[in-house]
Amino acid sequence: MKGEDARSEVAMKNYPSSKWLVACEIMSLVSSVVVAEWAVMPFTGRGAELMFAGMLPVAAAFALMLFSRKVHGETWREVGIRFDNFWRALRLLLIPMLLAALLLFALGLLLPKLEYGVPRVRKTPAWIFVWGIGWGFLQQFMLQGFVNRRAQMLFGKGFRSVLVVALVFALLHMPNPWLTVATFCGGLLWAFVYQRTPNLFALALSHSLMTWLLIATIPDALLHGLRVGYNYF
Amino acid sequence: MPRPRNNLAFLIIAKALIETLFVVSLVLSFHYRAFNTRFSGRITEVNGRKVTGWVFDEGAPSKPIEVQLYLNDQFVASRIADHQRRDSVNTGDAVEDAHEFEFDLSSKPVGEYEARVYVVQESGGGARRTLQTLHDPVRFRVGAK
């Protein structure tokens, strides 16, 4: 495992002269999400039209991520699709998650009422949990498996690359103020843990649990149904 | 620069171009569907008691049309113009299949007003509703009854 991690580090330093390209990779992924959030939502209709139009930026983002992974010679295991370090990653996440949960419960008591603030279809904890894991995995795959690894290629492991990840994550949740702050904090934690123990399943589980806690404690009037981009308005 | 890197750079540039064209086409399509001026119509009478007129949709002549009345830039009422225009044969600007509308103003207090009538156009499967001016604003006065 140490050998693989070392190989991963080497792969990241293979082409130091093309850092601009790595920066462009991050910006390109961000642009796809921005297009989906700020152009597809307002300029298309509902249902099939929205789905069809939304497929282009999603497909473009995945094409970029998969091709880039191949160019950088990253294995799925290096990206974090593995189970051997699952419990180690969870252990790292546990205490910060407990602290965040306590903070959210305290906020929930201070704010008008403690309740599920999401639309009726999402009101069962099981639904939120299952939906959250899948959606959380996808987000963590993009954020950590792509952005974090490329931020490390630019700045190395440590605070600067962790900050880049958190800022990108928060930026993509604007203009929802509560979600922007929450994703910035979550982005810091998840990016830090990923750099120490890359495991996307543990991060997806954590993402799902924290999302559930957020919508269970903070009123929907503040969370706006977790809507982001143009859809927020 | 190694070949795979060149390919990656090419992919990023191509992706940026495709996404730009995609956004431009979305905006153009949106503009065409949301603001396409295919309505014609007229305010035929404005007085202290009512605002009447007719409206016609060239794209769907038989379809009822929603119109909204604003007085002094304040929303007053919405109507479905869904009945055949009665005087279409007698007027020079006759349009067959035009629909009449009428707004009752009998409860309005004394004062000066500026009336604007808008046609409501739905697009995007009902996701959007845009208002199009039907006629130049008409000024009128409601006097003491």
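Chain A averages a pLDDT of 84, and 85% of its residues score at least 70. pLDDT is the predictor's confidence in each residue, from 0 to 100. This is a predicted model, where local features need pLDDT of at least 70, side-chain atom pairs count only at pLDDT 80 or more, and totals for chains, interfaces and linings use all residues. Residues are numbered from 1 along each chain as its sequence is written, while chains are lettered from A and ligands numbered from 1 in the order in which they are written.

Where is confidence lowest in chain A? In helix α1, residues 2–12, with a mean of 47. Helix α7, residues 159–171, is the highest, at 95. Residues 1–8 of chain A have pLDDT below 50. Beyond near neighbours in sequence, that stretch has three contacts in the model. A contact here is two residues with C-beta atoms, placed from the backbone, within 7 Å.

Now the fold. Chain A has 10 helices and zero strands. Helices are DSSP runs of H or I, at least four residues; strands are runs of E, at least two; both are numbered from the N terminus. Of the 233 residues in chain A, 39% are buried. Buried is 20 or more other C-beta atoms within 10 Å of a residue's own, exposed is 12 or fewer, partly exposed is in between, and the C-beta atoms are placed from the backbone. Take contacts in chain A between residues at least 6 apart in sequence: 77% join residues at least 24 apart.

Next, helix pairs. Helices α2 (residues 19–43) and α3 (residues 48–71) of chain A pack at about 175°, axes 10 Å apart. Axes are lines fitted to C-alpha atoms, for helices over the stretch in contact, and angles run from 0 to 180 degrees between N-to-C directions. So α2(A) and α3(A) are roughly antiparallel. The cut-offs: under 35 degrees is roughly parallel, over 145 roughly antiparallel, 65 to 115 roughly perpendicular, the rest oblique. This contact has 13 nonpolar, four polar and one charged residues. Nonpolar covers Ala, Val, Leu, Ile, Met, Phe, Trp, Tyr, Cys and Pro; charged is Asp, Glu, Lys and Arg; the others, Gly among them, are polar.

Contributors from α5(A) include Phe86(A), Leu93(A) and Phe105(A); from α9(A), they include Phe201(A), Met210(A) and Leu214(A).

On to the core. A nonpolar core is a set of buried Ala, Val, Leu, Ile, Met, Phe, Trp, Tyr and Cys residues joined through C-beta atoms within 7 Å. The largest has 32 residues, and Leu29(A) and Val147(A) are among those touching the most other members. Leaving aside neighbours within four places in sequence, what does Leu29(A) contact? Ala61(A), Leu64(A), Met65(A), Met142(A), Phe146(A) and Val147(A). Apart from this core lies another, of 18 residues, including Phe103(B) and Tyr113(B).

That brings in chain B. The contact between the chains takes 19 residues from chain B and 25 from chain A. On the chain B side, 14 are nonpolar, two polar and three charged.

Last, one residue. Arg128(B) sits in strand β8, residues 128–133 of chain B. Is Arg128(B) buried or partly exposed? Partly exposed, because 17 other C-beta atoms lie within 10 Å. Not counting residues up to four places away in sequence, Arg128(B) touches Ala34(B) and Ser123(B).
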